[in-house]
Amino acid sequence: MARPDTKLRFDTGWQYAPAPESTDHARIDPQYGLFINGEFVAARRRQHFTTINPATAKPLAKVAQADAGDVDRAVAAARRAWQRSWSKLKPAERGKYLYRIARALQERAREFAVIETLDGGKPIRESRDVDVPLAAAHFFYYAGWADKLDYAFPGRRARSLGVAGQIIPWNFPLLMAAWKIAPALACGNTVVLKPAETTPLTALKLAELIRDVGLPPGVVNIVTGAGETGAALVDHADVDKIAFTGSTEVGRLIQRRLAGTAKRYTLELGGKAANVIFADAALDQAVEGIVDGIFFNQGHVCCAGSRLLVQESVADEVITKLKDRMETLIVGDPIDKNTDIGAINSAAQLAKIEDYLEVGQAEGGEMYQSGSRLPEAGYWCRPTLFTGVSQSSRVVQEEIFGPVLAIQTFRTFQEALDKANNTPYGLSGGIWTDKGAKIFRMTRAIRAGVVWANTFNKFDPTAPFGGYKESGIGREGGLHGLDAYVELV
Amino acid sequence: MSTVIERVAPRLPALDRVTRVDQIGVEERVARFCTRSIKKDSKVHALRLALSMIDLTTLEGQDTPGKVTQLCCKAGHLHAAQPDLPHVAAVCVYPTMVGVARRALAGHDIKVASVATAFPSGMAPLAIKLEETRIAVEEGADEIDMVIARGAFLQGEYQRVFDEIVAIKEACGTAHLKVILETGELGTLDRVRRASVLAIHAGADFIKTSTGKIQPAATMPVTLVMLQAIRDHYRATGRMVGMKPAGGIAKAKQAIQYLVMLRETLGEAWLTPVWFRFGASSLANDLLMQLEKQRTGVYQSADYFSRD
Amino acid sequence: MAARAGKRSNGAPATSKPRSNGASARLPIAKTYKLYVDGKFPRSESGRYYPLERGGRLVANVCRASRKDFRDAVVAARNAFATWSQASAYLRGQMLYRAAEMLEGRREQFVAELVLQGVARGPAAAEVTATIDRLVYYAGWADKYQQVFSSVNPVATSHFNFSVLEPTGVVAIIAPEPSALLGLVSNVAPAVAGGNTCVVLASKTLPLTAVSLGEVLQASDFPGGVVNVLTGWREELAEQFASHMDVNAVVHCDNDAEMARRVQVAAADNIKRVVLRAGLDWYADESQSPYLIRDTQETKTTWHPIGA
């Protein structure tokens with residue numbers, strides 16, 4: 001569709017000067033303990049690990065390594081708090097604590113955004129405009145449910161479960177902490193939460209905030225560590241419910257370990273969502289939707305639109321527009337306000353992505369990357385497309401968790417639907433068309449927990465989120481998100 | 001400079017095959033442009049560039065030779081305290097003032113643009129609109145800003161709207177033609193896209209958002225849609241078309257946001273007064289104030305900048 | 001706050017008593033109570049007032065709102081409705097929560113004002129506390145009632161069919177006479193949490209805190225016109241509230257069957273929704289619920305084909 005002698009030039013002439021967000025007001029301590037029973041305490045075995053800034057590979061802080069004994073302490077604190085204070089409080093008063101947390105998060109928003117960016121590698125624009133506001137909004141939303149549970153479950157009364165063990169990933173550290181803690185507390189439970197080992201800082205800052213607003217000790221406990229810490233939490237006999245967000249592989253392990261126990265659990269796992277563009281779509285906005293779907297947050301998104309299914313008659317046009325758009329994506333220092341695509345979260349994750357780039361090419365796919373200049377130090381991946389791939393390609397089937405898009409064409413509605421559903425995953429999907437009837441036909445037939453029509457990667461505390469099939473069990477957000485944290489009698 | 005331009009007889013394209021436009025998606029993309037942080041030397045570059053792209057405008061019923069001469073004086077002498085400023089691109093006036101502007105701008109490399117075609121409403125017989133255009137060109141206008149027949153467009157009489165533009169383009173001779181869509185009257189972004197495609201195919205050298213005489217005038221969403229139409233046309237044919245948002249852009253900050261949007265949609269080639277203009281009057285002083293602030297580090301007062 | 005009670009021969013409030021050492025104490029500034037309409041505090045256009053007295057002493061001169069004041073308040077409420085009803089539920093919740101913050105900060109002012117109007121100190125403190133908590137309660141419903149009361153309807157044909165609640169419009173509220181603050185807020189909060197705008201008539205004998213509530217709302221960034229507070233005589237205003245053709249719903253809270261009947265008759269002219277909440281104990285749990293929100297909501301059902 002595009003003439004070969006036409007080219008849009010984005011790499012010459014007027015470029016943007018560096019515009020770093022100031023970081024000197026954000027306080028990161030050299031070392032953090034575990035947050036148990038309302039205070040920071042040393043881990044029993046005094047072991048630490050280091051968290052780094054993936055944009056520079058430089059260390060940020062030392063963080064305590066919790067072992068099974070530390071986890072036991074935390075669970076005991078949560079149990080005592082549940083029995084003696086939290087479940088005894090009037091529900092409206094519980095809600096007020098959550099409102100306080102929400103407000104304090106709004107007050108400290110910029111500091112949290114800066115630390116989220118430094119610790120995890122996501123652009124400051126995203127932390128500032130998306131992650132932190134959504135986290136505060138989540139606390140606000142669930143604060144309101146605390147004294148209204150009688151209206152949430154027709155014909156049933158809701159009772160809290162007790163102690164919730166929660167394990168969260170590194171792609172939206174603060175937001176995932178909010179998604180877990182807010183509904184759990186609103187429903188009268190207490191919490192032991194383990195943040196991901198590469199992104200512990202905002203959870204620890206949240207612990208400080210929680211202490212500052214006066215939440216009764218033991219209601220929220222934060223234990224930092226890696227797989228061993230998580231396993232100790234999953235296995236702990238006095239935890240009533242486990243909530244996990246992470247890979248399907250680990251989710252499977254957890255589900256097995258919980259077999260035979262009475263523990264309730266919810267799992268929010270991986271995905272390989274299809275983003276379907278019909279010929280009658282608003283094409284320029286659809287292209288933006290592709291970008292939002294797979295390049296936003298460096299593709300570290302479980303519900304990323306990592307498979308593009310584009311109707312053949314507009315495929316060339318869409319891919320041309322997409323490539324033009326990719327040239328304007330700025331890959332760079334996450335703390336720069338103009339950065340669109342930040343650092344890959346860790347060396348390990350970058351290695352996994354690069355492995356898939358080789359696999360994709362070995363499978364016969366044609367790889368295209370934008371011309372973005374990359375910084376020297378740190379972990380980076382350019383926005384990448386694969387064409388010439390099919391349903392049987394590994395890059396089409398497997399979750400890469402990076403800014404890598406696999407593109408296929410389709411001819412009919414049924415074919416698009418079949419391809420979209422032909423996966424063990426079922427977290428999300430996107431459909432782009434100007435025709436309403438087609439939207440509803442797709443939303444009815446696609447087997448995914450979240451469907452975005454003419455938009456993508458939109459989140460709201462009132463809207464339930466979660467997957468079908470191997471993308472998980474249970475929903476977070478909205479009225480439906482209360483289910484996971486109550487017993488109905 | 002554009003690549004090979006194919007001069008074929010203008011033909012109305014199939015407008016029902018023009019892509020749909022989603023308003024919310026457009027607004028979200030615009031919001032992203034507005035988060036760009038333009039600082040230091042890149043900010044100075046943008047401020048100077050914006051200044052060079054201004055069509056300094058006076059289109060009042062009460063315009064007189066004195067008023068127009070005064071405006072041209074400002075155009076030629078933006079701010080004595082800052083030498084080395086770029087000059088504005090053009091002065092934009094009614095046809096009866098073109099001669100005055102020409103004389104007042106003698107010796108300056110500033111174009112004279114004239115509105116025509118019964119601006120702003122366009123509600124006159126075609127013969128009158130053509131004659132007005134010819135007169136403006138004879139008086140010395142380098143550029144003609146015409147208005148499309150919105151009523152006809154909204155009725156779906158696309159061929160008639162198209163043919164008018166073709167005729168006006170011919171009456172322009174060597175003068176450049178800017179086609180004003182009056183987006184505030186078109187109602188939806190779908191129509192803005194279709195009108196853009198129509199005007200481009202009819203031979204417009206520039207497409208322009210508004211007359212500035214009604215609200216809303218230029219907005220970033222309509223401008224984005226029009227830039228995308230220009231981009232698609234360039235990619236398909238190799239022909240470049242210019243863009244002019246007009247009305248409602250009074251602050252330097254807004255102008256910079258438009259330039260960000262321009263740069264990230266069309267790229268470097270359009271970042272010049274040859275292919276992009278701001279239809280504005282008070283914008284110039286705000287750009288000057290911001291340039292002075294960048295130079296001195298101190299916030300400025302309007303008292304120090306001439307208002308002509 | 002009003003000056004200390006005491007009457008001089010000319011009817012003006014007395015100064016405060018001198019201190020025991022003979023030096024005269026400071027004269028406090030007496031507060032003037034006006035109406036709260038469109039985000040501002042105007043006097044009644046009629047200029048009328050009535051004295052609020054306790055124990056034979058003047059507490060304050062209270063505006064006696066006229067039907068023209070009511071008319072103006074409805075205009076303000078109607079103008080504010082489009083924006084308020086389209087504000088996100090999240091924003092409405094935030095504003096109500098902010099109002100709770102503001103009221104908590106002014107706790108002492110409000111308790112003192114209730115005491116001034118004859119409420120004993122203990123019950124006054126309990127009333128302010130309950131009012132703050134009630135604001136928090138409805139702040140939390142703003143983004144949830146839709147989830148509880150809406151539905152997707154499994155129609156037999158191939159259509160996606162959903163029913164949602166929408167605010168009815170301008171709600172006229174005759175607040176409970178015996179309650180200075182809690183009863184009024186218990187009716188205003190659910191109406192505005194649901195996206196309505198309102199005009200509320202305060203208690204005749206306990207009017208002052210209703211006006212001061214306007215200060216709290218203004219400090220909470222509520223847009224002007226969302227809540228309008230009038231003080232006056234319900235015997236002359238109730239039927240105005242009930243008969244105005246641009247009011248969508250009227251809420252009547254008194255245990256007065258004859259007045260309630262007249263309100264219902266007047267409301268019938270434009271099929272106003274009539275909500276009677278007579279004799280409720282505003283402290284009771286049953287007096288706060290999402291059903292009070294639903295009382296001033298409409299239900300809209302939409303159909304859309306499912307197909308290709």
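## Helix pair in chain C

A crossing of two helices is left-handed if the near helix is turned anticlockwise from the far one by less than a right angle, and right-handed if clockwise. By that rule α8(C) passes α9(C) in a right-handed crossing. This is a predicted model, in which local features need pLDDT of at least 70 and side-chain atom pairs count only at pLDDT 80 or more, while totals for chains, interfaces and linings use all residues. Residues are numbered from 1 along each chain as its sequence is written, and chains are lettered from A and ligands numbered from 1 in the order in which they are written.

Helix α8 of chain C covers residues 234-243 and helix α9 of chain C covers residues 257-267; their axes come within 7 Å and cross at roughly 35 degrees. Axes are lines fitted to C-alpha atoms, for helices over the stretch in contact, and angles run from 0 to 180 degrees between N-to-C directions. Helices (H or I, at least four residues) and strands (E, at least two) are DSSP runs, numbered from the N terminus. From α8(C), A238(C), E239(C), A242(C) and S243(C) meet M259(C), R262(C), V263(C), A266(C) and A267(C) of α9(C). Six residues of this contact are nonpolar, one is polar and two are charged. Here Ala, Val, Leu, Ile, Met, Phe, Trp, Tyr, Cys and Pro count as nonpolar, Asp, Glu, Lys and Arg as charged, and the others, Gly among them, as polar.

## Helix pair in chain B

In chain B, helix α10 (residues 220-237) packs with helix α11 (residues 252-266) at an angle of about 25 degrees, and the axes are 10 Å apart. α10(B) and α11(B) are therefore roughly parallel to each other (angles under 35 degrees count as roughly parallel, over 145 as roughly antiparallel, 65 to 115 as roughly perpendicular and the rest as oblique). The crossing of α10(B) and α11(B) is right-handed.

Residues of α10(B) in the contact include M220(B), L224(B) and R231(B), and those of α11(B) include Q257(B), Y258(B) and L266(B). The contact of α10(B) with α11(B) has eight nonpolar, four polar and one charged residue.

## Q290 of chain B

Q290(B) sits in helix α12 of chain B, residues 283-296. Q290(B) is buried, with 23 other C-beta atoms within 10 Å (buried means 20 or more other C-beta atoms within 10 Å, exposed 12 or fewer, partly exposed in between, with C-beta atoms placed from the backbone).

Neighbours within four places in sequence aside, Q290(B) is in contact with L47(B) and A252(B); two residues are in contact if their C-beta atoms, placed from the backbone, lie within 7 Å. Q300(B) is ten residues from Q290(B) in sequence and 7.7 Å away in space, C-alpha to C-alpha.

## Contacts between chains

Chain B and chain A each give 30 residues to their contact. On the side of chain B, the elements that give two or more residues are α1 (23-33), α2 (40-52), α10 and α11. α2(B) gives the most, with five residues. That side divides into nine nonpolar, ten polar and eleven charged residues.

## Domains of chain A

Chain A is divided into domain 1 (31-269 + 468-488) and domain 2 (274-453), with bounds from an automatic or database domain assignment. Their centres, taken over C-alpha atoms, are separated by 30 Å.
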